[in-house]
Amino acid sequence: MSTSGYLQSLFGFDGQVAVVIGGGGELGGAIARGLAQAGAHVVIADVNEEACESRCAQLVELGGKASWTLIDVTNRESVTAALNVASAINGRVNALVNAAGVNYGSRFLDYPEEKWDFIMNINLKGTFNTCQIFGQHMAEHGGGAILNFGSVTSLLPLSKVFGYSASKAGVLNLSRNVAQDLALEGVRVNTICPGFFPAEQNRKLLDEQRVANIMNHTPMKRYGEPDELIGTALLLLSENAGRFVTGAVVSVDGGFASSWF
């Protein structure tokens with residue numbers, strides 16, 4: 001077997017359908033590119049129509065197969081509608097990436113209740129909705145893989161982002177529990193915990209002192225690049241390379257989570 005053939009047998013997604021929720025964003029978009037170039041038909045599901053269209057055009061330009069659908073992860077009817085769009089492509093969805101997320105920065109005593117509820121509703125309840133609805137579909141169609149987005153803040157406290165940190169800690173715990181519950185149904189559930197990437201929601205919260213603190217605790221002394229998430233995502237979503245991996249938490253953070261002390 002050739003090198004390319006061997007790698008394809010492990011990490012190839014030919015004939016599979018992968019849904020990337022939040023695929024219009026930078027980090028979800030990077031994973032969508034990786035999946036498309038690995039052979040999957042990628043369905044971009046996002047709340048932003050313009051972002052959906054732009055990402056699909058990018059994937060097609062790279063030679064991939066792509067389509068899109070709007071989704072509101074807080075609305076179960078919307079999640080079901082997105083599943084129906086994706087499963088109509090070849091009868092089933094093989095992989096789901098939950099990359100949608102929102103953030104807000106404030107001192108704890110000034111943190112608005114409505115911001116807390118907004119973040120929990122999208123980041124945690126939205127993950128519950130999509131895992132349950134897509135997980136049911138996967139269990140009924142021979143299995144599948146779900147990759148949820150946690151964060152370094154799932155593992156370690158970080159000032160100002162209290163709602164985000166709590167929601168992502170909840171995502172990590174939820175993912176492990178769902179992985180245990182669906183293992184015999186052939187549905188694998190794992191969590192990727194990105195460190196600090198130059199995504200739009202991060203830029204808004206970064207001042208000079210905060211950047212210095214982050215770099216001091218990051219052994220590699222730099223931000224991550226979105227494409228550096230792709231390899232981990234392909235492993236955790238692959239039917240072959242990742243077939244015995246479920247309930248795992250993988251940090252892609254330049255060493256941040258291991259260097260707190």
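**Close-up views of the sheet and its surroundings**

**View 1. An open sheet of 7 strands with parallel pairing, in the order S3-S2-S1-S4-S5-S6-S7.** The edges of the sheet are strand S3 (65–70) and strand S7 (249–252), each of which pairs on one side only. On average, neighbouring strands in this sheet are turned by 20° against each other, direction ignored. The model shown in this and the following views is predicted. Strands of a sheet pair through backbone hydrogen bonds, either parallel or antiparallel.

**View 2. The pairing of strands S5 and S6.** Strand S5 (residues 144–149) and strand S6 (residues 187–194) run parallel and are joined by 6 bridges. Leu-147 has Asn-190 in S6 as its bridge partner.

**View 3. Helix H6 on the sheet.** Helix H6 spans residues 162–182 and lies across S5, S6 and S7. The helix runs at about 160° to S6.

**View 4. Helix H9 on the sheet.** Helix H9, made up of residues 230–237, lies across S4, S5, S6 and S7. Relative to S5, helix H9 runs at about 145°.

**View 5. Arg-107 in the loop between strand S4 and helix H5.** The loop that holds Arg-107 lies between strand S4 (95–98) and helix H5 (113–140). Arg-107 counts as exposed because its relative accessibility is 52%, and the cut-off for exposed is over 50%. Thr-69 is 38 residues from Arg-107 along the chain, and the C-alpha atoms of the two residues are separated by 36 Å.

Methods: Residues are numbered from 1 along each chain as its sequence is written. This is a predicted model: local features need pLDDT of at least 70, side-chain atom pairs count only at pLDDT 80 or more; totals for chains, interfaces and linings use all residues. Side-chain values use heavy atoms; hydrogens and water are left out. Helices (H or I, at least four residues) and strands (E, at least two) are DSSP runs, numbered from the N terminus. Buried means under 20% relative accessible area, exposed over 50%, partly exposed in between (1.4 Å probe, protein chains only). Two strands pair if DSSP finds at least two bridges between them. Axes are lines fitted to C-alpha atoms, for helices over the stretch in contact, and angles run from 0 to 180 degrees between N-to-C directions. Contact means heavy atoms within 4.5 Å.
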